[in-house]
Amino acid sequence: RNFSDYTISSLGQDNHSRLQVVACNDRYAKELPIVKHDVFLTTAWWTTHITQNIIKKQKAFFGSCYPLIYLIQDFEPCFYNWSARYALAEATYKGDVDTIAIINSKELSDYMLNKGYQFHNKYYFLPKMNNMLKKNWKLRNPKSKKKQLIVYGRPSTDRNLFPIILSALKIWVFKQADISEWTLLSLGEEHKDIDLGNGAVLVSKGKLSLDGYSTILEESSLGLSLMLSPHPSYPPLEMAYFGALTITNKYENKDLSGMHEN
């Protein structure tokens with residue numbers, strides 16, 4: 001419904017419609033036709049790496065090009081070991097194509113400035129609560145807290161430090177005298193429930209609807225959300241704003257303790 005005015009094209013199809021969606025999943029030995037006034041916006045290093053070369057071709061063909069608009073969501077080289085992928089990801093921050101960087105948070109923007117990355121122009125935006133969460137936040141009952149701890153559980157995403165979360169919980173469940181009265185929930189990515197010892201189990205809820213997530217945020221008294229990255233991550237902020245005492249980590253210039261009393 002939102003794209004009813006658009007033509008759907010396949011890669012390599014020289015379609016002259018002003019508005020079109022081009023599917024690039026079938027791309028072997030295919031070409032992307034471009035015109036003089038095409039503007040490119042990328043959201044991850046691998047599309048940026050390709051697009052920087054496309055923009056160079058655009059300039060060679062037509063004599064001019066627009067800057068690349070690059071939505072930088074995190075410091076992506078650190079998604080990898082020191083490796084070819086690390087080098088390719090970092091190279092997108094140092095390319096010779098004029099780039100307008102739109103950076104996800106002031107913390108990440110300051111981190112990249114401290115590392116010496118220069119862009120043609122640079123903007124950042126601050127974390128903003130999802131509208132559905134905000135609506136439920138206004139309706140919440142601050143007295144509805146239970147003995148319930150929630151963790152941001154993403155075992156397959158290294159930067160969220162799931163092994164450290166588990167190690168910490170396995171210590172805590174033996175130190176907490178009333179642990180049998182507590183509910184421990186993992187939100188984010190579905191995984192098997194985990195026996196922590198002393199009768200405590202970390203129950204995986206996976207990815208929830210926004211209403212379901214709001215309900216759990218409202219009733220939880222403790223939150224644990226880690227992110228080894230200069231980007232602040234949204235879950236610890238959401239936990240804190242919904243009234244959970246929240247534990248998260250610092251990283252270089254990132255320190256969320258000044259963002260909320262919780």
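For the charges of this chain, Lys and Arg count as positive and Asp and Glu as negative, while His and the chain ends are not counted; the place of a charge is taken as NZ of Lys, CZ of Arg, CG of Asp or CD of Glu. On this basis, the mean positions of the 31 positive and 26 negative charges of the protein chain lie 2 Å apart. The model is predicted, so that local features need pLDDT of at least 70 and side-chain atom pairs count only at pLDDT 80 or more, whereas totals for chains, interfaces and linings use all residues. Residues are numbered from 1 along each chain as its sequence is written, and side-chain values use heavy atoms, with hydrogens and water left out.

The protein chain contains 7 helices and 12 strands, where helices (H or I, at least four residues) and strands (E, at least two) are DSSP runs numbered from the N terminus. Its C-alpha trace spans about 70 × 45 × 35 Å along the principal axes. The accessible surface of the chain comes to about 15800 Å², of which 54% belongs to carbon and sulfur atoms; accessible areas come from the Shrake-Rupley method with a 1.4 Å probe, and for residues only the protein chains shown count as cover. Of the 262 residues, 39% are buried, a term that stands for under 20% relative accessible area, with exposed meaning over 50% and partly exposed in between (1.4 Å probe, protein chains only). When contacts (heavy atoms within 4.5 Å) are taken between residues at least 6 apart in sequence, 54% of them join residues at least 24 apart.

An open sheet of 6 strands has the order β9-β10-β8-β7-β11-β12, with mixed pairing; two strands pair if DSSP finds at least two bridges between them. Its edge strands, β9 (194-197) and β12 (245-247), each pair on one side only, and the twist averages 25° from one strand to the next. Helix α5 (residues 162-175) packs on this sheet, where it touches β7, β8, β9, β10 (200-206) and β11 (220-224), and its direction makes about 40° with that of β9. For such angles, axes are lines fitted to C-alpha atoms, for helices over the stretch in contact, and the values run from 0 to 180 degrees between N-to-C directions. Within the sheet, β7 (residues 146-153) and β8 (residues 183-188) run parallel and are joined by 6 bridges; Ile150 has Leu185 in β8 as its bridge partner.

Helix α6 (residues 210-219) has Tyr213, Ser214, Ile216, Leu217 and Glu219 buried, and these residues pack against α4 (131-139), β7, β8, β10, β11 and α7 (235-241). In strand β11 lies Ser221, which is buried with a relative accessible area of 18%. Residues up to four places away in sequence being left aside, Ser221 touches Lys145, Lys146, Lys147, Gln148, Trp182, Ala244 and Leu245.

In helix α3 (residues 106-114), the residues Glu107, Leu108, Ser109, Tyr111 and Met112 are buried, and their cover includes β4 (68-72), β5 (99-104) and β6 (121-125). The helix is followed by Gly116, whose phi is positive, near 90°.

Thr7, in strand β1 (residues 7-10), is partly exposed, with a relative accessible area of 29%. Although Thr7 and Ser17 are 10 residues apart in sequence, their C-alpha atoms are 6.8 Å apart in space. Thr7 touches Asn15, Ser17, Leu19, Gln20 and Val21, again without counting residues up to four places away in sequence.
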